[in-house]
Amino acid sequence: MLLHLGAAHLATERQTNTVWARLTARSRLLCVLLLVFAIALTPNGRWWTWATYGGAIALLILVSRVPCLPLLKRVAVELIFVGVVLIGTLFRQGGDVLFHWGWIQITTEGVTVLGSVTLKAFLSLLTVNILILTTPITALLHALAELKTPPLLVAIFSSMYRYIYVLIDEFNSMQRAARSRNLMSDPRRQRTVIGNMIGSLFIRTYERGDRVHQAMLARGYSGLPPLADLTKSSSLDVAALTFTAVILLIGQAIYL
Amino acid sequence: MFAISSLFQPQLALHIPDGFLSLPVILVTWILAIALIGISLQRVQATYQERAVPLMGVCAAFIFAAQMINFPIPGGTSGHLLGGTLAGALLGPWAGSLVMAVVFVVQTLLFQDGGLTVLGANIVNMGLIGTFGGYYLYKVIRSVLGQDSLRGVLVGAAIAAWMSVFVSAIVCAIQLAISGTVPLAVAISAMAFWHFMIGIGEAIITVAALSYIWRTRPDMFHRPPRHAIADKSRSYSAR
């Protein structure tokens, strides 16, 4: 989890002169959403469909000039989390038995499911990470608002995003204080201390919320934060969305 | 089956990644999740009015931060809080599940914890079942054992916290099995085994946090005890 946090700042050092960066955040988000849903909803065993989508993603990596090392690092970390769950998919009934040892048996069906699910998870992670590494969070939240997400919800998202790091810092300093007073030595007391810390942080958080509200009122807040103007979509955006849709249809048409 | 179930690490099991669920499961859970978010948005706006944005924002950030702290679970491993029942007991069912849903959306969108397509399922498992179910179980136990007693709150919270984790895990296992990703027996045994222990950790931390708040600021509970309403204006910290 902590590894994810560091990478969230990476979008700031993005490339700005690529075709991908010239698209509005809204069309980037739409393209990625379409692609991820298509990848994840393709039934197991359709290898050529994923090969097509994989080609599209490779093209996207080239076009967006996303930094490859951070991308691979993030995907690798997330895939390790996924990998352990995946092993359970191997041991299922159905199809021909490939391997047999005691009550453990590996069948063709198990291998198909394992391969398909791994590939789906990998391609989806790759796609979403390209978006995150090339698009600033604020632009992404703005794109969500443009895509008719309730404004109240988007306002809550952005207010939450603003305070995540503040609260994590506060938690870390509380933990450091507890450790420097030797309170974290035995597991039993550690649980009580962490429980107290969470309780105390909730009280502080709630009061912080009230103070933030007062500060917002003092600056003329009246219900919802003002939204920036809608970004204009160019012909490039239309082309990108059309291209994505065509790729998706070609991928699905292979098995018709 | 024990060999397989011990391969599952506790931390990752509840956030389903992309590609694990089939179309029908995804559709049903998305509809449920959108309904939950829509209704709770309305209720929260009606209750908190223009305080909704800053308050829900910081509370969601709080749950996010609290989920990052690892603590030792009895039995040797370590786990982290999910916080559904804690949010429900402090903020009430609607605000609590809205906060949890916001946490999952932000985790998925910005930190890739759990997949985009299965976001609906993750919200249903931990927001609807974990928070909403957890809150009402806590409420029933609290009203049976005494609305104004610490014992009622703590027993209710402990049972609700454990149940919310365990039931969400079982539902998650069933969703994986319906989608044809993992056989039902493997999924249930692995999930039940780990989340039995994780639920105990969740219950301990929830109880510790709630009893701390009860001692210092009992008025912060959703439906505070009667003695707390009288002296409400104490401030815990001037920050």
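Mentor: Welcome! Let's start with a definition: helices are DSSP runs of H or I with at least four residues, strands are runs of E with at least two, and both are numbered from the N terminus. Please keep in mind that this is a predicted model.

Trainee: How many helices and strands does the secondary structure of chain B come to?

Mentor: Chain B comes to nine helices and two strands. Along its sequence the pattern reads α-α-α-β-β-α-α-α-α-α-α. Chain A has ten helices and two strands, in the order α-α-α-α-α-β-β-α-α-α-α-α.

Trainee: What share of each chain counts as buried?

Mentor: Buried means under 20% relative accessible area. In chain B, 64% of the 239 residues count as buried, and in chain A, 49% of the 256 residues do.

Trainee: Which residues make the contact?

Mentor: From α3(A) there are A:A25, A:R26 and A:L29, and from α7(A) there are A:A139, A:L140, A:A143, A:L144 and A:E146. By class, that contact has six nonpolar, no polar and two charged residues.

Trainee: What makes the aromatic pair of A:F202 and B:F62 stacked or edge-to-face?

Mentor: Rings pair if their centres lie within 6.5 Å, and planes over 60 degrees apart count as edge-to-face. A:F202 and B:F62 are 5.4 Å centre to centre with 65° between the planes, so the pair is edge-to-face. There are twelve aromatic pairs in the structure over all chains.

Trainee: How do you know whether A:F202 and B:F62 are buried or exposed?

Mentor: The cut-off for buried is under 20%. A:F202 has a relative accessible area of 2%, and B:F62 is at 2% as well, so both count as buried.

Trainee: Why is the pair of B:W162 and B:F166 given the name it has?

Mentor: Planes under 30 degrees apart count as stacked. The planes of B:W162 and B:F166 are 15° apart, with 4.8 Å centre to centre, so this pair is stacked. The two residues are four apart in helix α7 of chain B (residues 150–178), which means about one helical turn separates them. Both B:W162 and B:F166 are buried.

Trainee: What span does α9(A) reach from its first C-alpha to its last, and what is expected?

Mentor: α9(A) has 32 residues and reaches 45 Å, close to the 46 Å expected at 1.5 Å a residue. Just after α9(A), A:G220 takes a positive phi of about 90°.

Trainee: Is A:H213 buried or exposed, and what is it in contact with?

Mentor: A:H213 lies in helix α9 of chain A. Its relative accessible area of 6% falls under 20%, so A:H213 is buried. Leaving aside neighbours within four places in sequence, A:H213 is in contact with B:E50, B:R51 and B:P54.

Technical notes
Residues are numbered from 1 along each chain as its sequence is written. Chains are lettered from A and ligands numbered from 1 in the order in which they are written. This is a predicted model: local features need pLDDT of at least 70, side-chain atom pairs count only at pLDDT 80 or more; totals for chains, interfaces and linings use all residues. Side-chain values use heavy atoms; hydrogens and water are left out. Contact means heavy atoms within 4.5 Å. Ala, Val, Leu, Ile, Met, Phe, Trp, Tyr, Cys and Pro count as nonpolar, Asp, Glu, Lys and Arg as charged, and the others, Gly among them, as polar. Rings of Phe, Tyr and Trp (its six-membered ring) pair if their centres lie within 6.5 Å; planes under 30 degrees apart count as stacked, over 60 as edge-to-face and the rest as tilted. Buried means under 20% relative accessible area, exposed over 50%, partly exposed in between (1.4 Å probe, protein chains only). The expected span of a helix is 1.5 Å times one less than its number of residues.
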